[in-house]
Amino acid sequence: MKMQPIEGTRSHLGRICVIMNGKSGRRDTQDIPAQIRKALETNAPGAELRILDSGSELLPATRKAVEEGFDMVVAAGGDGTVSGVASVLHGTGVTMGILPLGTFNYFARSLDIPTEIPAAVDLLCEGAARPVRIARINERIFLNNASLGAYPAILKTREDVYRRWGRRRIAAYWSVFLTLVTLRRPLRVRIEAGDQVLERRTPLIFAVNNAFQLNQVGLQGEEEIAKGRLALFIAPDTNRWGMLRNALLLALGLAEREKEFDFVAAKRIQIVDHKKKHDIACDGERDRMAAPYDLQVIENELNVMAPESRQGDIR
């Protein structure tokens with residue numbers, strides 16, 4: 001990890017630490033640190049930029065920043081980086097800032113955080129901290145979504161495609177096709193959500209904690225998120241061509257709740273599976289996790305710098 005202090009006088013914002021995942025994002029990252037430093041020199045002199053050599057350094061680097069007493073820790077990277085930083089900062093009282101460098105940037109876009117570096121740095125200085133709702137699957141925090149089944153398999157394929165072709169959206173969509181034409185076994189689960197109990201055989205379970213992402217993929221459920229609930233979508237058990245059809249509908253924003261997907265919503269949902277472990281995807285990052293899976297909403301434990309116009313609304 002490289003530490004790059006910015007020369008100058010500390011601003012009224014307090015001590016700021018920017019943690020950059022050097023392996024994140026759709027863009028060539030070689031000139032990104034220079035862009036960040038230039039913007040910080042103008043708007044937040046005295047801030048410190050720390051560039052990570054690998055994703056495994058993210059959580060330790062964030063914990064260190066908290067221990068060192070920084071008032072704001074800024075996640076510079078994609079949704080996975082933002083989620084990782086949030087998993088450390090929640091409940092600490094330290095404000096999180098965001099410099100979006102990812103492929104989709106769902107969390108940042110859900111708060112109207114600019115994707116251009118100078119404007120995003122301006123927001124760190126001119127915006128206001130607001131509480132945002134986070135969610136948990138077992139002990140893993142997520143901001144946007146968590147899933148079982150096909151999507152973690154897609155991420156594994158996508159990592160291979162990215163290594164070969166680079167981080168592009170077309171590569172992400174190609175990964176969906178490659179995975180679904182070779183996917184073998186569906187999940188067999190029991191889902192408990194409030195007073196609802198469902199027994200399902202399904203290739204994909206998708207839990208969403210972000211109304212913006214729902215709108216992006218054309219799925220209804222924003223009203224449930226507004227009530228403080230998780231939106232859970234369960235894909236029907238179908239053949240590969242049926243899965244490809246559903247994936248295409250999602251990509252085009254044409255999927256319909258309770259037609260292409262079963263739907264439940266609750267503040268706490270449990271997914272029971274007879275198998276011991278599955279791959280789980282949380283905000284674009286894979287993890288291996290033991291069943292059962294307990295999903296729940298956590299309110300008011302994370303403050304994020306956002307535009308003045310986005311204080312207290314649904315993201």
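Asp294 is buried, at 17% relative accessibility. That value comes from a predicted model, as do the others below. Burial here means under 20% relative accessible area, so Asp294 falls within the cut-off.

The side chain of Asp294 meets that of Arg268 in a salt bridge, at 2.6 Å from N to O. Asp294 belongs to strand β17 (residues 293-306), while Arg268 belongs to strand β14 (residues 268-273), so the pair ties together parts that are 26 residues apart in sequence. Arg268 is partly exposed, with a relative accessible area of 49%. Exposed would require over 50%.

## Glu224 and Arg229

A salt bridge also links the side chains of Glu224 and Arg229. The N to O distance is 2.7 Å. Glu224 is buried, and its relative accessible area is 13%. Arg229 counts as partly exposed, at 30% relative accessibility.

## The six-stranded sheet

Six strands form an open sheet. Their order is β13-β12-β11-β8-β15-β16, and the pairing is antiparallel. Two strands sit at the edges: β13 (262-266) and β16 (285-290). Each of these edge strands pairs on one side only. From one strand to the next, the twist averages 20°.

Strands in a sheet pair through backbone hydrogen bonds, in either a parallel or an antiparallel way. In this sheet, β15 (residues 277-282) and β16 run antiparallel. Six bridges join β15 to β16.

## Asp279, Arg288 and Arg286

Asp279 stands opposite Arg288, a residue of β16. The salt bridge of Asp279 described here is with Arg286. The side chains of Asp279 and Arg286 meet at 3.9 Å, N to O. The cut-off for a salt bridge is within 4 Å, so the Asp279 and Arg286 pair counts as one.

Asp279 is partly exposed, with a relative accessible area of 28%. Arg286 also counts as partly exposed, at 29% relative accessibility.

## Salt bridges across the model

The count of salt bridges comes to 13. Some residues are joined in a network of salt bridges: Asp112, Arg130, Arg310 and Asp313 are linked in this way.

How values were computed: Residues numbered from 1 in each chain as written. Predicted model: local features only at pLDDT ≥ 70, side-chain atom pairs only at ≥ 80, totals over all residues. Heavy atoms only, no water. Pairing = 2+ DSSP bridges. Helix = DSSP H or I, 4+ residues; strand = E, 2+ residues; numbered from the N terminus. Axes fitted to C-alpha atoms, helices over the stretch in contact; angles between N-to-C directions. Buried < 20%, exposed > 50% of the residue type's maximum accessible area, 1.4 Å probe, protein only.
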